[in-house]
Amino acid sequence: MTALTPDMLVSGIRQSQRDEPDSGILSAVNHGFGRKGLIPLWTGEGPLQTPEFICQAASKAMFDGETFYTWQRGLPQLRSALAAYHEKFWPGPFSAERFFVTGGGMQAIQVALQLLADQGDEIVIPSPAWPNFPGPMRMMGVKPVFVPMLYDEQKWSLDLDRMRDSLGPKTKAICLISPSNPIGWVASRDDLIAIRDMAREAGVWILADEVYSRFYYGPDTAGTARSPSFMDVCEQDERVIYINTFSKNWAMTGWRIGWLQAPEALGPAIERIIQYNTSGTAAFMQKGALAAVENGEDFVEMQIEMARTCRDKVADALGRLNNVSFENPEGAFYSFFRIDGLTDSLGATLRIIDEANVGLAPGGTFGPGGEGFLRMCYLRDPDSLDEALDRLTAWLRQA
């Protein structure tokens, strides 16, 4: 048998996998990961380790023998705790039967896409958008239909008329990330009502990524410390699926544990997808997540205040530069800033790694409207962020 070349091997995989471009975030990380003294602001995680009480709960469960298969939907105790957590911050009541534990927010996204979309379907999504939504869509044969956000006078806004015009006979869902990764924009209650109404009229689903809902710095319209939500304006049993994760609130990015909230009627179908994908999430990890959601509110509030402080530092530093434009974000923990004349954001990102030893993410990887921008995750130790901003602003003054 003639030896197969790498090109011959790659040609045998699905075309959608061959055609999917590399993530610019991953390209930046691979270029700079492990460099001495580099300050990494490229991915969406803070500087703090998972709190000890969460780790102890997981460790105890492991040593107590909770290392076997468990409920595909998630531990009943954790699902009940998620329902109770939601009742503190969103209009309820909530049933545990609405919650499904997944292997991180990414698996929650994959489950939702597998649940809803067939090959050839379309999903409408505002852009710039986190590439981990449109990427899996394309790899499943689903077409992401981008609705470019408007950036005018250093302010982002959603063109609702353009979104409505993007809905067609192949549309299966509208996907909204709010607070937004990467731009920090937050949908208002009026925005959410308008999207709800157009989804109802078209008979399509809403995929609501509200991962950063607790990281909110705008007006507290709901009387609680979180952003406006589809849960404020939608019925529990309409076509809305919510994506969330333990990663951000409780510093558990490496744990890969999240959840999905959906109408109870979808339970059996979601359970089947989880079973065939992963056969569930490790029970001892779920016990750590249970400790987080039951006892971690002080930690969440501390992280939010850290993010707010760091946001103000970034706005002050970048605001002093004549060649940089940005909106001070209302939510999440990213600054998405434009550099005058920049046409190759990935190239600039790699140069900043090499020349300033700071890791950022290229705006072009976030889809239409993102080129010319760079993304910074500013949830860092304040002293480390100060040093990163000194290096970055010195580089930008010479750009």
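Biologist: In which helix is G288 found?

Modeller: G288 is found in helix α12, which runs over residues 283-295. Helices (H or I, at least four residues) and strands (E, at least two) are DSSP runs, numbered from the N terminus. Keep in mind that this is a predicted model, where local features need pLDDT of at least 70, side-chain atom pairs count only at pLDDT 80 or more, and totals for chains, interfaces and linings use all residues. Residues are numbered from 1 along each chain as its sequence is written, and side-chain values use heavy atoms, leaving out hydrogens and water.

Biologist: Is G288 buried or exposed?

Modeller: Buried means under 20% relative accessible area, exposed means over 50%, and partly exposed is in between, for a 1.4 Å probe and protein chains only. G288 has 0% relative accessibility and therefore counts as buried.

Biologist: Which residues is G288 in contact with, leaving aside neighbours within four places in sequence?

Modeller: A contact needs heavy atoms within 4.5 Å. On that basis G288 touches I54, A57, A58, M252 and W255. I54 is 234 residues away from G288 along the chain, yet their C-alpha atoms are separated by 4.8 Å.

Biologist: What does I339 look like when read this way, and where does I339 lie?

Modeller: I339 lies in strand β12, residues 334-339. Its relative accessibility is 6%, so I339 counts as buried. Beyond neighbours within four places in sequence, I339 is in contact with N323, G372, L374 and L396. The C-alpha atoms of I339 and L41 are 17 Å apart, and the two residues are 298 places apart along the chain.

Biologist: How are two packed helices described?

Modeller: The description uses the angle between their axes and the distance between the axes. Axes are lines fitted to C-alpha atoms, for helices over the stretch in contact, and angles run from 0 to 180 degrees between N-to-C directions. Take helix α13 (residues 297-318) and helix α15 (residues 382-398): their axes come within 10 Å and cross at roughly 20°.

Biologist: Which word describes the direction of α13 and α15 relative to each other?

Modeller: Angles under 35 degrees count as roughly parallel, over 145 as roughly antiparallel, 65 to 115 as roughly perpendicular, and the rest as oblique. α13 and α15 are therefore roughly parallel to each other.

Biologist: Is the crossing of α13 and α15 left-handed or right-handed?

Modeller: A crossing is right-handed if the near helix is turned clockwise from the far one by less than a right angle, and left-handed if anticlockwise. α13 passes α15 in a right-handed crossing.

Biologist: Which residues in α13 and α15 meet?

Modeller: From α13 come C310, K313, V314, A317 and L318, and from α15 come P382, L385, D386, L389, T393 and L396. The residues of this contact divide into 8 nonpolar, 1 polar and 2 charged. Here Ala, Val, Leu, Ile, Met, Phe, Trp, Tyr, Cys and Pro count as nonpolar, Asp, Glu, Lys and Arg as charged, and the others, Gly among them, as polar.

Biologist: At what angle do α14 and α15 pack?

Modeller: Helix α14 (residues 345-356) packs with α15 at about 120°, their axes 10 Å apart. The crossing of α14 and α15 is right-handed. A348, R351, I352, E355 and A356 in α14 meet R391, L392 and W395 in α15. That contact holds 5 nonpolar residues, no polar ones and 3 charged.

Biologist: How many disulfides does the count come to?

Modeller: A disulfide is a pair of cysteine sulfur atoms within 2.5 Å. By this rule the count comes to 0. C55 is in no disulfide, its nearest cysteine sulfur being that of C377, 20 Å away. C55 is partly exposed, at 33% relative accessible area. For C175, the closest cysteine sulfur is in C234, 14 Å away and so too far for a bond. C175 is buried, with a relative accessible area of 0%.

Biologist: What is phi of A251?

Modeller: Phi of A251 is near 55°, a positive value in a residue other than glycine. A251 is in the loop between β9 (240-245) and β10 (258-261), and is buried at 13% relative accessible area. S279, likewise not a glycine, has a positive phi of about 60°. S279 is in the loop between α11 (267-277) and α12, and counts as partly exposed at 30% relative accessibility.
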